[in-house]
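I opened a new notebook page for this model. Below are the things I looked up, in the order I took them.

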Amino acid sequence: VHQTAEKMLEVFLAGAESLNVSIIDMAGKTVRCQHTANTDQAVLDIHGLLPGTYVIVANGQRTKCIIP
């Protein structure tokens, strides 16, 4: 997971044939989701998300991300 300066979040999962990515706030609400086919990378727009800590779930694997 990598955040770009343009308020985009890049998610890469090596070897994946497709990605199901969700951004979940600390209250457990899914605030963004995206499905990509035939690639191991997704780019999600995070404009409008409040600063804070979020959980990123990509194909069932979880990590935390802090959005400034």
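Before the sheets, I wrote down the terms: two strands pair if DSSP finds at least two bridges between them. Strands (E, at least two residues) and helices (H or I, at least four residues) are DSSP runs, numbered from the N terminus.

I noted that this is a predicted model, in which local features need pLDDT of at least 70 and side-chain atom pairs count only at pLDDT 80 or more, while totals for chains, interfaces and linings use all residues. Residues are numbered from 1 along each chain as its sequence is written, and side-chain values use heavy atoms, with hydrogens and water left out.

**Entry 1: the chain as a whole**

I counted 0 helices and 7 strands in the protein chain. Along the sequence the pattern reads β-β-β-β-β-β-β. The radius of gyration, taken over C-alpha atoms, is 11 Å, close to the 11 Å that the globule rule gives for 68 residues, so the protein chain is as compact as a globular protein of that length. That rule is 2.2 Å times the number of residues to the power 0.38. I also noted the box filled by the C-alpha atoms, roughly 30 × 25 × 15 Å along the principal axes.

**Entry 2: the sheet of 4 strands**

I traced an open sheet of 4 strands with antiparallel pairing, in the order β4-β3-β6-β7. β4 (30–37) and β7 (61–67) are at its edges with a single partner strand each, so one side of each has no neighbour in the sheet. On average, neighbouring strands here are turned by 20 degrees against each other, direction ignored; the axes are lines fitted to C-alpha atoms, and angles run from 0 to 180 degrees between N-to-C directions.

I then followed β3 (residues 18–25), which pairs with β4 in the antiparallel sense over 7 bridges. L19 stands opposite T36, and the bridge partner of I23 is R32. The hairpin of β3 and β4 has 4 residues between the strands, and G28 takes a positive phi near 95 degrees there.

**Entry 3: the sheet of 3 strands**

I found an open sheet of 3 strands, antiparallel, in the order β1-β2-β5. Its edges are β1 (2–3) and β5, each with a single partner strand, so one side of each is left without a neighbour in the sheet. β2 and β5 are joined by 5 bridges, and V11 stands opposite A42 in β5.

**Entry 4: the core**

Which residues have the most contacts inside the largest nonpolar core? I found V21, I23 and I56, in a core of 16 residues. Such a core is a set of buried Ala, Val, Leu, Ile, Met, Phe, Trp, Tyr and Cys residues joined through side-chain atoms within 4.5 Å. Buried means under 20% relative accessible area, with a 1.4 Å probe and protein chains only. β2 (8–12), β3, β5 (41–45), β6 (52–58) and β7 each supply at least two residues of this core. Of the 68 residues in the protein chain, 31% count as buried.

I listed the contacts of V21 (heavy atoms within 4.5 Å), leaving aside neighbours within four places in sequence; among them are V11, A42, L44 and I56.

**Entry 5: T36**

Is T36 buried or exposed? T36, in strand β4, counts as buried, at 12% relative accessibility. Not counting residues up to four places away in sequence, T36 touches S18, L19, Q41 and A42.

Technical notes
Buried means under 20% relative accessible area, exposed over 50%, partly exposed in between (1.4 Å probe, protein chains only).
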